Amino acid sequence: TDEELTTYSCSTLIHEKSFAAKTKRWLEKDTYRKNALLILVLFGTCNVIGDGILTPAISVLSASGGLKVAHPRMSNGVILVVAVVILVGLFSMQHYGTDKVSWLFAPIVLLWFITTGGIGAYNIWKYGSSVLKAFSPVYIFRYFKRRRKDGWTSLGGIMLSITGTEALFADLAHFSVSAVQLAFTVVVFPCLLLAYSGQAACLFNKGDHVIDPFYRSIPDCIYWPVFVIATLAAIVASQAAISATYSIVKQALAHGCFPRVKVVHTSKNFLGQIYVPDINWILMVLCIFVTAGFKNQSQIANAYGTAVVLVMLVTTVLMTLIMILVWRSHWIIVILFTGLSLVVECTYFSAVLFKMDQGGWVPLVIAAAFLLIMYVWHYGTVKRYEFEMHGKVSMAWILGLGPSLGLVRVPGTGLVYTELASGVPHMFSHFITNLPAIHSVLVFVCVKYLPVYTVPEEERFVVKRVGPKNFHMFRCIARYGYKDLHKEDDDFEKKLFDNLFLFVRLESMMEGCSDSEEYSWARKDARFYKRIAIDYIYAFLRKICRENSAIFNVPRESLLNVGQIIYV
């Protein structure tokens, strides 16, 4: 039934002998390859989360550094305190959402680009236009020939000029693709070229300005207005990275690759504007640690560059698979895209490798920590689902209890939450053997996230009957895409019952289906690292994360939790 969704694209069949079919079979044939692909995706995701930690740190610290330029005697401690205060304020305001202030973002960013571009043009005019010769690729060749290894490693710092592009996916919740392309072509790119060229022209004449060249290249008469604009732009840039982190955590959560956390929808107009409280405070604490822990700004810059280039490398590899398996692009186009992208990205990656001991190790540690959490959660979720599928109650046992299920059936409708999309969960047998009465109508409710970006509202619910009619048992599957937001409100319950009533009225037109898949039991003799993953790490994550019942917003007095501990 999931394949019948209008958003599930299967319009074109893959020819068995095509390159796409061969690639698909090669990936699916071996468990280790599928596992490696999962780890690659999670690693890229974790680096985006690391980006969400490092972007606010370097953006706010850079903006605060303008105070040092204006007041050279100001201590680094004061600069650090100012940066931390801005960060705490930024993260503390997240729960209000950006809907009420987002109208300010575009004017601030536009003013920022116009200002930096204008200052760059002024410096080119003031210090000479000979700097424009740098657009010739001959000079980079001479630079590498003259500086050799030092010249090559300096490419790691150049990464900072293109950071932010790796988080553009979050902007698609607010703007169209064409709007982003137009803004980059007409505004962003020209202004950045002018800004960097102007700073280079200034450095030609004032070599002592190599530290904080941006602030030192600003004319004195407009220094403080530009400082205010730069600070506001840093906050907007930080907000973009934080929003990107919320977005990717929410999607990872939908795919069963992140512990359950609360997701709050902060806007009535934009679906993509969300707030994740737990992630927000974790980001804030880690961001403050990073800001306070590094000795200088260049080390944060090295860490930031490493995180960005890793995100870009993983994105390129995954885009190659998308072009082959989904878009069915011609192999020449795939090779051209992959080859050109990897040449550029691997060049910069080789440069940041030399910066590993100068702060470049930080994003790797952050990514490794989140990767462990996400992989163990995914592994534990899959194993628990396999266990529940294997141990589900047979229909013969249900039928043997009779229409009353061996209990007193009282008026009302009972909702039984289960993660199984088919069959009766093993927990139900414990449930009915320990209760004297049960509702006259039972509905097994399953919330299922599908690998599609959205599920249309009219296709959200799938209702089936469980057992004979006189048992009055149903299954209702609520289906969501990874970009859909499941709201905690009464509307969900109303829609569920509307679809249940519709099913009963049209039952003669419905067909049931049953699953007979077999899954392996979780074993007590599993390897030690699997036991550690399930018995300790996964158990701890389940204990501290959000309960499943929270997604239905069920009042405590109407809720009965039935639990079971599984060991391997």
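**Figure 1. Lys 250 has its place in helix H10.** This close-up comes from a predicted model, and it starts with a single side chain and its surroundings. Is Lys 250 buried or exposed? Its relative accessibility is 8%, and buried means under 20%, so Lys 250 counts as buried. Look for the residues around it: leaving out those up to four places away in sequence, Lys 250 touches Val 263 and Ile 274, together with Gly 481, Tyr 482, Lys 483, Asp 484 and Leu 485.

**Figure 2. Gln 239 also sits in helix H10, which covers residues 223-254.** With a relative accessible area of 8%, Gln 239 is buried. Which residues is Gln 239 in contact with, once its neighbours within four places in sequence are set aside? They are Leu 90, Gln 94, Thr 98 and Phe 105. Take Gln 94 to begin with: its side chain and that of Gln 239 are joined by a polar contact of 2.6 Å. Then turn to Phe 105, which is 134 residues from Gln 239 in sequence, while the C-alpha atoms of the two are 9.7 Å apart in space.

**Figure 3. Cys 446 belongs to strand S4, made of residues 437-449.** Here the relative accessible area is 2%, and Cys 446 is buried. If you skip the residues up to four places away in sequence, you can find Cys 446 touching Thr 418, Glu 419, Leu 420 and Ala 421, as well as Cys 476, Ile 477 and Ala 478. How many residues apart in sequence are Cys 446 and Ala 478? The answer is 32, and from C-alpha to C-alpha they are 6.1 Å apart in space.

**Figure 4. Helix H1 meets helix H12.** Two packed helices are described by the angle between their axes and by the distance between those axes. For H1 (residues 19-29) and H12 (residues 297-325), the axes come within 8 Å and cross at roughly 125 degrees. The two helices are therefore oblique to each other. On the H1 side, the contact is made by Phe 19, Ala 20, Thr 23, Lys 24 and Leu 27, and on the H12 side by Leu 321, Ile 324 and Leu 325. Sorted by class, the residues of this contact are 6 nonpolar, 1 polar and 1 charged.

**Figure 5. Helix H12 meets helix H14.** H14 covers residues 361-390, and its axis and that of H12 come within 7 Å, crossing at roughly 55 degrees. That angle makes H12 oblique to H14. Which residues of H12 take part? Ala 303, Thr 306, Ala 307 and Leu 310 do, and they meet Val 362, Pro 363 and Leu 364 in H14. This contact of H12 with H14 has 6 nonpolar residues, 1 polar residue and no charged residues.

**Figure 6. The whole chain brings together 18 helices and 6 strands.** Now step back from the close-ups. The chain has 568 residues, and 42% of them count as buried; Gln 239, Lys 250 and Cys 446 are among them. Its accessible surface comes to about 31300 Å², with 65% belonging to carbon and sulfur atoms. What share of the chain's contacts with a separation of 6 or more comes from residues 24 or more positions apart? That share is 80%.

How values were computed. Residues are numbered from 1 along each chain as its sequence is written. This is a predicted model: local features need pLDDT of at least 70, side-chain atom pairs count only at pLDDT 80 or more; totals for chains, interfaces and linings use all residues. Side-chain values use heavy atoms; hydrogens and water are left out. Axes are lines fitted to C-alpha atoms, for helices over the stretch in contact, and angles run from 0 to 180 degrees between N-to-C directions. Helices (H or I, at least four residues) and strands (E, at least two) are DSSP runs, numbered from the N terminus. Angles under 35 degrees count as roughly parallel, over 145 as roughly antiparallel, 65 to 115 as roughly perpendicular and the rest as oblique. Contact means heavy atoms within 4.5 Å. Ala, Val, Leu, Ile, Met, Phe, Trp, Tyr, Cys and Pro count as nonpolar, Asp, Glu, Lys and Arg as charged, and the others, Gly among them, as polar. Buried means under 20% relative accessible area, exposed over 50%, partly exposed in between (1.4 Å probe, protein chains only). A polar contact is a pair of N or O atoms within 3.5 Å; within protein, one must be able to donate a hydrogen and the other to accept it, and residues adjacent in sequence count only if both atoms are side-chain atoms. Accessible areas come from the Shrake-Rupley method with a 1.4 Å probe; for residues, only the protein chains shown count as cover.
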